[in-house]
Amino acid sequence: MSWERDAFGRWLHDLQKLSSLIPDTSIFTISDLEQRALALLNGRRRASRPKTEPAKSIPELSRMPSLDGGSDLKGTPSILGMKHWLDELGHSAASINNLNIIHVAGTKGKGSTCVFIDSILRAHGRRTGYPQKVGLYTSPHLIYPEERIRINFEPLPKDLFTKYIFEVDDLLSRSGPHDFAKRPRYLQLFALLAFHTFISEGVDAAIFETHHGGEYDSTNVIEKPIITAITTLGLDHVKQLGSSIESIAWHKAGIFKSGALAFSAPQETTAAEVLRKRASDKGVSLQFVDPDPSLPANVVQLKPDVQRTNCSVALATVSSFLDQKDNKSRSRLSSSDILQGISQFSWPGRFQLVIDNQFKWFLDSAHNEMSVSIAAEWFLETSKMQTITSPVARILIFSLITDQRDAAAVFERLATSLASSEIQHAIFTTYERDQDSESKNNPQPKILGTPSRDQQVYATIWRRAQPDTSISFEPTIQGALALARKLGENHGSVQTLITGSQHLVGGALSLLQTTETRETGNETEI
C-alpha cells in the first residue's frame, strides 16, 4: 500500500526525534522499541475492576435514568478525561469531527458491521477516488494489538504503531507526573491512539466501534459523527450496562448525536422503544433497517443469516454517509461497489473456516448467550455443506474465563444449541497459547495441572446434554489442537468448532496459520 510506504519513510525520518522521547534509544533495536511501546500500553491495565461507586458529583451520571435492571456502575466512567487528554495531544473537537466519523455500538455484530462499512467504502473509493483512506478502530484484537487500528483495512504497521504510542505517551507526559488514576487507562489510551493516528495519517473517513457501552464509552467523546449505527442488542456486560434490555439499549443509544442520522438493526420491542425515545429526546432521525432483499444469495460472506442483517445496516449507513460527504463527484453507491465490498469482506475469528487437508476448523469468538447460539447454528449449517469423507469426527474446543458474565449459562446455551451436532469429543482448555506463553496480554490463570472449577462445570453441563461424548481437559490451546488432530487422525473428515472467547480463537488462529495460507472470504486454506 502506498500510504504504508510513505508512512514508513516518515517514521524513519522521525527516528531521531523518537530517540529524544526514549532514554538510551541507541542501544535498542526496533523490536526492543516495539516491546517497550507495548509495555506502555499494557501498563495502563487495571489490576482489577473497581468496586466503589462513582462520585455523586460527576455531572455526566445525572443523565442516567432509573431503570429496572439498571447498570451498577463502579469507578470512573471511561468518557471522563477524554476531552482533556485530546487537548493535551493537540486535537480539538473540530479536528475529531473532521475525521468524518461513523460511530457504531451494539451487542452482537458491531465488529462485522464496522468491517462491512469499511469494505463497501473502500470499494466505492477505488471506483470514484473517495474516500481514499478509511480508518477503522475496533476492539479487542485477535492476535496482535495493532489490529485494532487499521487504514484501508491494513493493521497499522508495527513501526508506526510504536511511533504513535511513544508520541501519545510523550505528549500526555508533558503536563507533569501523574498518578495512575489520573492517566488514561488501557482502553482510553487505545482510543486516544486511534484518534491521534487517524488525524496524523489524514484519513478521509473513520469508523469507530465502541468498546462495550455507548453513553459513557471513551469513544463517545465524538461530538459530531456523520452517522451512528446500532447493531443487534442483547444482554451482555450486565455489570456495567444493566441486566435488562431497556438499560442496555439506553447505554448503546448514548452515541446518538443531534444532526447525525442513526440506523439500527431490527430490535425486540422494548429495546426499539428505548432507542426511539432516546433518538426523539436528542432530535435524531432513527431508521430501523430490515435485511436487504437485493443482497446476493448463497455467498459465504453473508453466512449465517445474521451477517445479512449486519451487511444491510452497513449498506444503509454507507449510502447515507456518501450522500452527505461525497460532494465532489456526487457519485452514488453502485451495485458493483456493493458486490465488491461483500466479496472482499473478511473478519478473522468470526464465522471463519480454516481448512487443512481433512481437518476443518470452524472458529467463532462468540462469548455470550446470544452469540454462542448463532455460532452453533452456523457450525451445524456450514458443516453440512462441506465435502466430507467418512468416517467423520466432530469435536468441540471451548474456553471461557470471565467474571463479566455467567459463563455457565453461556455454555448451557451452547450445549443446548449443539444438541443435534453429533459431537463425539469435547475439549476444555484455557487461554494459554502454549507451554511457553507468558500471557502478558490476556488476563487468565496460570497453566493448570488439573481442571479448573469452570472447566468442571462445563464438563458436567456437557455430559448432561451429550452423555456419549468423550471429555478432555488441555492446559494450552496448542495442546487442544494437537489432541483434536490425534483424535481425528484415523478419520476421513474432522470438523472442529472452536468457540467461547476471542482469546481462545486468536490463539488458535495464530497456531493454525503458521504456514502459508490462502483466504477466500472468511474461508482460509492452509
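The legends below describe several close-up views of a predicted model.

Residues are numbered from 1 along each chain as its sequence is written, and side-chain values use heavy atoms, with hydrogens and water left out. Because the model is predicted, local features need pLDDT of at least 70 and side-chain atom pairs count only at pLDDT 80 or more, whereas totals for chains, interfaces and linings use all residues.

**View 1. The whole protein, with its secondary structure and surface.** The protein holds 18 helices and 16 strands, where helices (H or I, at least four residues) and strands (E, at least two) are DSSP runs numbered from the N terminus. Of the 526 residues, 57% are buried, a term that stands for under 20% relative accessible area, with exposed meaning over 50% and partly exposed in between (1.4 Å probe, protein chains only). The protein exposes about 22,200 Å², of which carbon and sulfur atoms supply 50%; accessible areas come from the Shrake-Rupley method with a 1.4 Å probe, and for residues only the protein chains shown count as cover. Among contacts (heavy atoms within 4.5 Å) with a separation of 6 or more, 76% are between residues 24 or more positions apart.

**View 2. The open sheet of eight strands.** The strands follow the order β4-β3-β2-β5-β1-β6-β7-β8, with mixed pairing; two strands pair if DSSP finds at least two bridges between them. At the edges stand β4 (154-155) and β8 (286-288), each with a single partner strand, so one side of each is left without a neighbour in the sheet. Strands β2 (residues 134-137) and β3 (residues 149-151) run antiparallel and are joined by three bridges, and the bridge partner of Y137 in β3 is I149.

**View 3. Strand β6 and its two parallel neighbours.** Four bridges join β1 to β6 in a parallel arrangement, with I227 of β6 as the bridge partner of I102. Strands β6 and β7 also run parallel and are joined by four bridges, and here A229 stands opposite F263 in β7. In a regular strand the side chains alternate between the two faces of the sheet.

View 4. Helix α8 (residues 186-201) has 16 residues and reaches 22 Å from its first C-alpha to its last, close to the 22 Å expected at 1.5 Å a residue, the expected span being 1.5 Å times one less than the number of residues. Of the 16 residues in α8, 13 are buried, and just after the helix G202 takes a positive phi of about 65°. Helix α11 (residues 269-282) lies across β6, β7 (261-264) and β8, running at about 155° to β8; axes are lines fitted to C-alpha atoms, for helices over the stretch in contact, and angles run from 0 to 180 degrees between N-to-C directions.

View 5. K83 is exposed, at a relative accessible area of 51%, while E223 is partly exposed, at 35%. K163 forms a salt bridge with E167, the closest N and O atoms being 3.8 Å apart; the two residues are four apart in helix α7 (residues 158-173), and therefore separated by about one helical turn. K163 is buried, with a relative accessible area of 7%, and E167 also counts as buried at 15%. In the salt bridge between R433 and D434, the closest N and O atoms are 2.7 Å apart. R433 counts as partly exposed at 30% relative accessibility, whereas D434 counts as buried at 12%.

**View 6. The surroundings of S493.** S493 is found in strand β14 (residues 493-499) and is buried, with a relative accessible area of 3%. Leaving aside residues up to four places away in sequence, S493 touches Q358, T387, I388, T389, P391, V392 and A393.

Conventions:
Salt bridge = Lys/Arg side-chain N within 4 Å of Asp/Glu carboxyl O.
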